Amino acid sequence: MKKSLLFAFLFTTVFSFAQTVRFEGIVQDNAKAPLEMANVMAMNQATKAMDAYAITNDKGKFLLNLKTNTTYTIKFSYLGMQNKEVVVTTQAENITQNITMDSGGIELDGVEIVREMPVSIKGDTIVYNADSFKTGTERKLEDVLKKLPGVEVDADGQVKVEGKAVNKLMVEGKDFFDGDTKLGVKNIPADAIDKVQVLRNYNENSIMKGVENNQDNLAMNIKLKDGKKNFWFGDMTAGIGVGHDDNRYVVAPKAFYYSPKYSINIMGNSNNVGQQAFTIQDYFRFSGGFRNIMGKGGGSINVGSNSLGISFFQDNRVKEIESHFGATNFSYNPSKSWSLSGFVIATSTLVDTETASTVNILQPNSTDVSSAEVRDDAGSQKNNLGLFKFSATYKPNANFQLDYDILNRISAQRENNELNRQVSNFLTGTNTNESIFTSKKQDPININQNLSFYYTPTEKHIFAFETQHLYQNEDPLYNANLQFQPFDFIGYNTTQNRNDITQSRFIKTNKLDSRLDYYYVLTPKTNLNFTLANSYVYQSLTSSIDQRLDNGTVNELNAPENNNDVSYRYNDTYLGFHFKWLTGKFTFTPGVTLHRFNLTNTQLGTDVNQELFRLLPDFQMIYQIKKSETLTYNFGITNNFTNINNYAVGTIFNSYSSLFSGNRDLENSVVQSHTLSYQKFNMFNFENFGGYINYTRTTEAIKTRALFEGVNQIGSPFNSPFGDENLSANARYGRSFLKFYKANFSASFNWSKFYNIQVNPINAVENIVDTESFTQNYRLSASTNFKQLPNVELGYSYTVNQYPNDNFYTDSPSVKLDYFFLKSFSFVSEYEFFHYYNKAKTVDQEYDFLSASLTYQKTKDSHWEYKVAATNILNTTSINDDSFSQFSTRNSQYRVQPRYIIFSMKYNL
């Protein structure tokens with residue numbers, strides 16, 4: 001039976017290809033020069049449908065597969081050329097015909113592009129007609145994007161086109177939660193989308209577009225269908241669990257309004273079925289559209305954040321999640337000169353976790369284990385997060401622009417853990433078992449402001465001034481209650497039954513960056529850039545440690561070694577010069593910056609001051625091989641400076657097994673970086689290929705001197721005299737073919753070698769530890785995009801993590817099925833299988849996940865939609881992973897959420 005079905009499928013496929021003929025040729029201008037990326041479309045005169053489309057390659061070639069014995073109108077369009085139509089009647093033979101287009105078409109803003117084209121090119125803009133790729137099962141923007149040629153969407157909602165990240169998402173030209181693409185990708189209804197525009201070489205400031213290199217800047221603009229403009233649209237979803245012992249629910253309202261003058265977006269989600277609309281990872285990743293204005297200066301300082309170390313758990317690594325989310329985004333144009341926009345995001349998450357892990361501490365320069373910790377950890381988290389942004393732009397004319405932005409982050413984070421651990425010290429032959437209780441608390445505040453103006457009095461002179469101020473207030477509080485005393489503190493009472501230790505810290509940061517750029521445009525292909533910039537940082541840190549005794553009284557450990565009262569000043573003033581010129585297909589931008597760095601840390605009644613001057617070069621070369629093919633090389637030397645946490649010499653009680661004290665004599669590290677990247681996107685056959693290779697060498701890197709007493713670590717930073725190295729590479733290939741098929745392959749590699757000092761706990765000898773790790777990841781996928789048949793996506797990934805004492809492997813095949821049938825039903829199902837094991841097969845585990853949903857909507861215009869969805873249908877209980885740090889390896893097993901079956905109803909506005 002299976003052979004008969006396979007034969008029937010192959011016969012049908014071959015027969016369908018036998019009923020088509022090729023219509024091909026070259027599109028050229030009056031001078032016989034080929035026109036790359038011209039749009040070609042075949043309209044069936046009898047059915048009025050579009051049967052085929054194409055975009056010419058760099059040689060102007062096009063190819064259409066047409067039905068036999070059919071009359072077509074072939075439409076051609078190209079920016080700056082007059083549209084052209086030819087009538088072709090096919091028979092049984094292939095047709096070859098060259099097309100000459102006449103100049104005189106309307107320029108960019110008014111060029112007529114054939115609206116029915118699935119994909120068309122308009123200057124630097126790729127336009128996808130969403131309906132051409134929809135099959136009926138799509139519910140959100142994410143579902144549509146995944147079916148577009150050359151577009152990728154990862155699990156975190158981050159979008160890439162031609163291998164490049166999309167930095168900005170807009171709807172009808174208005175920012176949609178500026179700073180991240182996830183909220184738009186996961187929430188914008190698929191049925192509202194008319195066109196998806198990819199804006200290449202994007203710069204939201206038209207004044208700077210001609211003098212900056214924007215080849216890696218991508219933006220995406222969503223064009224709405226006519227019925228969605230000037231009207232509210234969206235949906236309201238409500239669901240309950242079916243067949244559970246406890247109550248399960250999901251409520252998710254969404255409403256959107258767009259008009260030429262203003263827009264409003266409102267979204268909410270409340271559930272206890274493991275769906276996080278906005279995670280803590282999203283919170284820290286969300287940039288609000290702020291860019292690092294000192295990024296190309298050659299000097300860098302990391303002021304630090306999340307200093308307490310609240311765990312960032314993903315949805316698939318927790319036992320239970322209850323999530324509440326609300327957000328609103330607006331834009332308003334009170335006049336042609338003014339644009340106002342902003343957003344508010346609030347989320348509250350309750351998380352329960354269960355983790356079993358094994359940590360192996362390695363002996364210096366050996367694969368042998370000196371000590372091991374086996375622990376079972378049950379944790380709970382509560383995170384309340386808020387993001388607020390307001391932006392204003394004033395642009396009275398094309399020569400002047402003023403921008404102001406303010407982004408405020410507030411949060412209240414709590415984490416409590418109860419764990420049992422067994423510690424084996426193989427050097428001393430001792431074994432201990434103990435229970436530990438820990439709690440973490442912090443309420444950090446972060447306010448970031450940006451003010452910038454751009455002015456060009458003439459075409460040859462451009463002035464740009466940007467300034468940013470960051471205020472950050474952190475107050476991490478850590479408590480550990482242990483059976484055994486982990487460390488020796490001066491003034492510590494050792495007669496207690498339990499060891500109840502608390503450390504409080506207060507860190508304040510003020511950072512002011514200012515930059516003035518002057519561009520002198522020598523010719524349309526060359527310009528000079530002069531820069532004057534300054535970065536100033538002031539930080540203060542106070543910390544204290546106390547011990548709560550068995551009777552409830554507090555023993556304050558007031559010895560200077562246990563406390564910190566530190567201030568730190570950093571100032572970087574520099575002059576920069578860059579020269580950009582275009583010659584042929586090459587763009588060269590060499591540059592140099594002259595820096596004066598001044599650093600002072602004040603503690604224990606004394607100052608330590610450093611002053612240094614540095615001349616730092618950088619270089620960029622862009623080789624524009626073709627319009628859609630680019631080779632880029634970047635080189636730079638950066639002086640990296642650390643923050644106050646590494647300078648504070650008083651004890652920092654990081655965790656129940658980690659003690660840290662800083663080094664006030666630390667110097668900066670120097671990073672030399674080389675990156676070579678290649679991008680190619682062929683619209684002729686929707687083929688995209690790209691990759692990069694990056695090598696960095698860090699000298700005087702700030703590393704760790706570590707003393708291990710069993711698994712308890714006492715660490716301090718130092719400047720390593722050795723050079724740390726990192727080599728990473730990535731390659732990918734994707735192609736859409738035969739109209740209905742799409743395939744992708746990617747491979748990534750990362751090798752690193754770094755040095756630390758590990759102190760022998762027996763004789764206090766310092767050992768230089770050089771450590772290498774090598775990770776590899778390969779992924780292959782293939783998918784279909786039929787209109788009337790079930791669609792399948794097959795995937796396979798293979799990951800290798802090579803550590804000093806072991807290798808870990810993960811095989812993961814997957815399959816996804818989606819089918820729109822009977823004009824009303826949508827079925828979607830996903831299956832993933834994981835085989836996780838180490839080299840010796842002492843760790844060898846298999847687990848898999850299956851989810852499915854069935855949706856009913858009577859017609860596309862029906863307001864009501866009904867859905868039954870099930871997650872983790874196979875009721876998998878845990879997953880595994882591994883990690884590697886400077887001195888240890890870790891293998892972990894996470895308890896995951898059980899099977900949920902949810903019945904929901906959705907009302908579409």
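A word on the ground rules. Because the model is predicted, local features need pLDDT of at least 70 and side-chain atom pairs count only at pLDDT 80 or more, while totals for chains, interfaces and linings use all residues. Residues are numbered from 1 along each chain as its sequence is written, and side-chain values use heavy atoms, with hydrogens and water left out.

Let's start with the aromatic rings. I call two rings of Phe, Tyr or Trp (the six-membered ring for Trp) a pair if their centres lie within 6.5 Å; planes under 30 degrees apart are stacked, over 60 edge-to-face, and the rest tilted. By that rule, there are 52 aromatic pairs. Take Phe-489 and Tyr-492: the ring centres are 6.0 Å apart and the planes meet at 40°, so this pair is tilted. For accessibility, buried means under 20% relative accessible area, exposed means over 50%, and partly exposed is in between, with a 1.4 Å probe and protein chains only. Phe-489 is buried at 7%, and Tyr-492 is buried at 10%.

Compare that with Phe-808 and Tyr-836, a stacked pair with 5.9 Å between centres and 15° between planes. Strands here, labelled E, are DSSP runs of at least two residues, numbered from the N terminus. Phe-808 sits in strand E46 (residues 807-821) and Tyr-836 in strand E47 (residues 825-838), so the pair ties together parts that are 28 residues apart in sequence. Phe-808 is buried, with a relative accessible area of 7%, and Tyr-836 is buried too, at 1%.

A charge sits over a ring if NZ of Lys or CZ of Arg is within 6 Å of the ring centre and within 35 degrees of the ring normal. The charged end of Arg-705 sits over the ring of Phe-718, 4.9 Å from its centre, and that of Lys-841 sits over Tyr-837, 5.0 Å from the ring centre.

On to the cores. A nonpolar core is a set of buried Ala, Val, Leu, Ile, Met, Phe, Trp, Tyr and Cys residues joined through side-chain atoms within 4.5 Å. Which residues touch the most other members of the largest core? They are Tyr-128, Leu-145, Phe-176, Met-220 and Ile-345, out of 57 residues. Strand E16 (residues 218-224) gives the most to this core, with 4 residues. Using contact in the sense of heavy atoms within 4.5 Å, and not counting residues up to four places away in sequence, Leu-145 touches Val-151, Val-153, Val-159, Val-185, Val-196 and Met-220. Apart from this core lies another, of 22 residues, including Phe-23, Tyr-72, Phe-76 and Ile-99.

Now the strands, which pair if DSSP finds at least two bridges between them. An open antiparallel sheet of 4 strands runs in the order E3-E2-E5-E6. Its edge strands, E3 (50-55) and E6 (84-89), each pair on one side only. Strand E2 (residues 39-44) joins E3 over 5 antiparallel bridges, and Met-43 stands opposite Met-50 in E3.

Further along, strand E38 (residues 669-682) has two antiparallel partners to look at. Strand E35 (residues 629-641) is joined to E38 by 12 bridges, with Leu-631 facing Tyr-678 as its bridge partner. Strand E39 (residues 687-699) pairs with E38 over 13 bridges, and there Val-670 stands opposite Thr-699. In the hairpin of E38 and E39, with 4 residues between the strands, Phe-686 takes a positive phi near 50°.

Positive phi also turns up in two loops. Asn-230, with phi near 65°, lies between E16 and strand E17 (232-241) and is partly exposed at 42%. Leu-604, with phi of about 55°, lies between strand E33 (586-603) and strand E34 (606-626) and is exposed at 60%.

Last stop: Ile-901, in strand E52 (residues 900-908), is partly exposed at 29%. Leaving aside neighbours within four places in sequence, Ile-901 is in contact with Ile-240, Gly-241, Val-242, His-244, Val-868, Ala-869 and Ala-870.
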